[in-house]
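Me: I would like to go through this model with you. Could we begin with the surface and then turn to the charged pairs?

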Amino acid sequence: MKKLIAIVSCAVLMSCVALAGCAGNDVAEETEAQEENTQIANPWIDAADAAEAAEFSGIEFDADESLDAGVGKPFEVTYRAMEGMVEVTYDNAANQVIVRKGNPSLAEEGDISGDYGEYPLQWTMSLDSDVEATCFGYVENAAAKTIWTDDGYAYAVLAIPLGGDDEFGLSAESVEAYADSID
């Protein structure tokens, strides 16, 4: 009987050691997986208003919160900032317009939009200040993305349809109104 108890005890002990070894491998594998999925911290900070966004970013900035610009008066205007860039988002009933102003060193080829989609159409337009802006879109003269640089800053205006309509975009007059609103 003592031999049976000793054998069973040894078997239980060996099982525990084997299980402990497996658990150790799982922890090591999980740690490796976490290291592979490590992401950088989000650089954006939500701001209460344009003044706070300007303070966070270090970018002189003001925005017109009641701007209609031909796409509807916004029901909500929000601000975000990161070092060297500021953003204002106009939420309208059927669309969202995002306007950014930032340090051109943050831009790849002058594009601080954060939009890396491909558009079938590209054209240029002249803003009031005689600055040439590059527009991108799915429909002629309906800019889904507009970018430009002026006075040492890079700018971007994004028009995002909330219903998924790719044909939505801003007219030249609307782009100009948003461009004028962020100076």
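Me: Is Asp49 buried, partly exposed or exposed?
Reply: In this predicted model, Asp49 has a relative accessibility of 34%. Asp49 therefore counts as partly exposed, as that value lies between the limits of 20% and 50%.

Me: Where is Asp49 found?
Reply: Asp49 sits in a loop, with β1 (45–47) on one side and α2 (50–57) on the other.

Me: Which residues form the negative surface patch?
Reply: The patch consists of Asp49, Asp62, Asp64 and Glu65.

Me: Let us turn to the salt bridges. How many does the structure hold?
Reply: There are three salt bridges in the structure.

Me: What does Arg80 pair with?
Reply: Arg80 forms a salt bridge with Glu87, and their closest N and O atoms are 2.9 Å apart. Arg80 is partly exposed, at 25% relative accessible area, whereas Glu87 is buried, at 4%.

Me: What about Arg100, which residue does its side chain meet in a salt bridge?
Reply: The side chain of Arg100 meets that of Glu87, with an N to O distance of 2.7 Å. Arg100 belongs to strand β4 (residues 95–102) and Glu87 to strand β3 (residues 85–91), so this pair ties together parts that are 13 residues apart in sequence. Arg100 is buried, with a relative accessibility of 11%.

Me: And Lys145, where does that residue lie and what is its partner?
Reply: The partner is Asp111, and the two side chains meet in a salt bridge of 2.8 Å, N to O. Lys145 lies in strand β7 (residues 145–150), while Asp111 is in the loop between β4 and β5 (121–126), so the pair links parts that are 34 residues apart in sequence. Both residues count as buried: Lys145 has 5% relative accessibility and Asp111 has 13%.

Me: Which residues are joined into one network by shared partners?
Reply: Arg80, Glu87 and Arg100 are joined in this way. Glu87 has a salt bridge with Arg80 and another with Arg100.

Me: Now the backbone. What is the phi of Asn141?
Reply: The phi of Asn141 is positive, at about 65 degrees, although Asn141 is not a glycine. Most residues other than glycine have a negative phi. Asn141 is found in the loop between β6 (132–137) and β7, and is exposed, with a relative accessible area of 52%.

Me: What is the phi of Asp151, and where is its place?
Reply: Asp151 also is not a glycine and has a positive phi, of about 55 degrees. Its place is in the loop between β7 and β8 (153–161). Asp151 counts as exposed, at 70% relative accessibility.

Me: Finally, the chain as a whole. What is its secondary structure?
Reply: The chain has three helices and eight strands. Along the sequence, their order is α-β-α-β-β-β-β-β-β-β-α.

Me: What share of the contacts join residues at least 24 apart?
Reply: The share is 50%, taken among contacts between residues at least 6 apart in sequence.

Methods: Residues are numbered from 1 along each chain as its sequence is written. This is a predicted model: local features need pLDDT of at least 70, side-chain atom pairs count only at pLDDT 80 or more; totals for chains, interfaces and linings use all residues. Side-chain values use heavy atoms; hydrogens and water are left out. Patches are made of residues with over 30% relative accessible area and no salt bridge: like charges are joined within 9 Å, nonpolar side chains (Val, Leu, Ile, Met, Phe, Trp, Tyr) within 5 Å. Accessible areas come from the Shrake-Rupley method with a 1.4 Å probe; for residues, only the protein chains shown count as cover. A salt bridge is a side-chain nitrogen of Lys or Arg within 4 Å of a carboxyl oxygen of Asp or Glu. Lys and Arg count as positive and Asp and Glu as negative; His and the chain ends are not counted. The place of a charge is taken as NZ of Lys, CZ of Arg, CG of Asp or CD of Glu. Helices (H or I, at least four residues) and strands (E, at least two) are DSSP runs, numbered from the N terminus. Buried means under 20% relative accessible area, exposed over 50%, partly exposed in between (1.4 Å probe, protein chains only). Contact means heavy atoms within 4.5 Å.
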